[in-house]
Amino acid sequence: MTSFSANIDDFGVDSASLAGPLEGKLSAVREAGFAQIVLCASDLVNHPGGIDAAVAAVQHSGLRVSGFQSLHDFEGLPDSLQAYKIDVAKAMLGMCHALNCHLMVASASTLTQARTDNASLIHNLRQLAMLAIPKNIRIAYQANPQAHTVKEFGQAWDLVCMADMPNLGLCLDTAEVLASTSADNDLEMLDSEKLFLVQLADTLDSANPSARLFPGEGEHRTELATMLTTLHGLGYRGDYCLSSLNADYLHMPASIVVRRAWDSALWLGQDVLQRSVPLPNQIRLKRVLAN
């Protein structure tokens, strides 16, 4: 693998950051120089030609779909709702498989009626992982600041470790890490083999991680560079998704927004990662977890 491919081709763009139809997003991402994209279910189901036409457009683009998002509110549901959510999960996994994508993001439940005990959450995460195995899909579980229980990535990491499924790992969102005030959120505790996807974003306002900019565009340039260097030192060599969800970018042509994403990728890949040296004999601390 060349230095260029290692440092640039591992970056992709979140389609939710871009306005316009699916074909326009795909074209803009490809023409900017990216080799991969993270798609949303809405990209497929809202396509005027239907899901098959959307899948054909993705295949024609030549882009690798590095992630498919996002399954919401799956874990901790009352038994009366779980069968319904399993059907939703199967539909999402089917679309993910049709895209030849091997990673689906599951966002922590925001439902107030969801159970909060670890046993229930772990049971459902294992259930979801089992559903994904026949389709050769990994599940990247993501904390959500608006979640009923799993608001911080440290909590999501604990559940991933306790569930102990080979195709269940963590999706880490840097915007949420920047907004976190919890002492339990320590990147050094992560095992890179169970870190499946890193979503990279800066924030317009640290108190509101939903208002985002591409890395290098906001006030947290130094912190993001440190995060990336830390993850690289821990051995992470997976995909990075550049995510910038804000109203301004959704009112701009996708081609202009993607050029900004490309500038971000160049800074991260050729500057930050190029000077990042893996730490020798790095000891990865893992928590002693009890159910």
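**Stop 1: the cavity**

Select Glu-75, Ser-109, Ala-114, Arg-115, Leu-121, His-148, Thr-149 and Val-150, which line the largest cavity. That lining divides into three nonpolar, three polar and two charged residues. Here Ala, Val, Leu, Ile, Met, Phe, Trp, Tyr, Cys and Pro count as nonpolar, Asp, Glu, Lys and Arg as charged, and the others, Gly among them, as polar.

How many cavities of 30 Å³ or more does the count come to? The count is one. The largest cavity has a volume of about 40 Å³. A cavity is a set of points on a 1 Å grid, over the protein atoms alone, where a 1.4 Å probe fits but cannot get out; lining residues have an atom within 4 Å of a point. Grid points are joined across faces, edges and corners, and the volume is the space filled by probe spheres set on the points.

**Ground rules**

This is a predicted model, in which local features need pLDDT of at least 70 and side-chain atom pairs count only at pLDDT 80 or more, while totals for chains, interfaces and linings use all residues. Residues are numbered from 1 along each chain as its sequence is written, and side-chain values use heavy atoms, with hydrogens and water left out.

**Stop 2: the whole chain**

Zoom out and switch to cartoon. The chain has 10 helices and 10 strands. These are DSSP runs numbered from the N terminus: helices are H or I with at least four residues, strands E with at least two. Now colour by accessibility. Buried residues make up 53% of the 291 residues in the chain. Buried means under 20% relative accessible area, exposed over 50%, and partly exposed in between (1.4 Å probe, protein chains only). Take contacts between residues at least 6 apart in sequence: 80% join residues at least 24 apart. Contact means heavy atoms within 4.5 Å.

**Stop 3: helix 5 against helix 6**

Select residues 79-98 for helix 5 and 118-132 for helix 6. They pack at an angle of about 35 degrees, with their axes 10 Å apart. Axes are lines fitted to C-alpha atoms over the stretch in contact, and angles run from 0 to 180 degrees between N-to-C directions. Show side chains for Gln-82, Ile-86, Ala-89, Lys-90 and Leu-93 of helix 5, then Asn-124, Gln-127, Leu-128, Leu-131 and Ala-132 of helix 6; these make the contact. They divide into six nonpolar, three polar and one charged.

**Stop 4**

Most residues other than glycine have a negative phi, and most peptide bonds are trans. Select Gln-69 and Ser-70. The peptide bond from Gln-69 to Ser-70 is cis, with omega near 0 degrees. Ser-70 sits in strand 3 (residues 64-72).

Next, pick Asn-100, in the loop between helix 5 and strand 4 (103-107). Asn-100 is not a glycine, yet has a positive phi of about 60 degrees. Is Asn-100 buried or exposed? Asn-100 is exposed, with a relative accessible area of 56%.

Move to Asn-136, in the loop between helix 6 and strand 5 (138-142). Its phi is also positive, about 55 degrees, although Asn-136 is not a glycine. Asn-136 counts as exposed at 53% relative accessibility.

**Stop 5: the loop between helix 8 and strand 7**

Find Asn-185 in the loop between helix 8 (174-179) and strand 7 (195-200). Asn-185 is buried, with a relative accessible area of 14%. Leaving out residues up to four places away in sequence, Asn-185 touches Glu-152, Phe-153, Gly-154 and Ser-180.

Glu-188 is partly exposed, with a relative accessible area of 29%. Its C-alpha atom is separated by 7.5 Å from that of Thr-230, 42 residues apart along the chain.

**Stop 6: two last picks**

Select Asp-164, in the loop between helix 7 (153-163) and strand 6 (168-173). Asp-164 is exposed, with a relative accessible area of 62%. Asp-164 and Arg-126 are 8.1 Å apart, C-alpha to C-alpha, and 38 residues apart in sequence.

Finish at Ser-264 in helix 10 (residues 254-272). Ser-264 is buried, with a relative accessible area of 3%. Beyond residues up to four places away in sequence, Ser-264 touches Phe-214, Pro-215 and Leu-242.

Note on methods: 1 Å grid on protein atoms, 1.4 Å probe; cavity = no way out; pocket = protein on both sides within 12 Å on 5 of 7 lines; lining within 4 Å.
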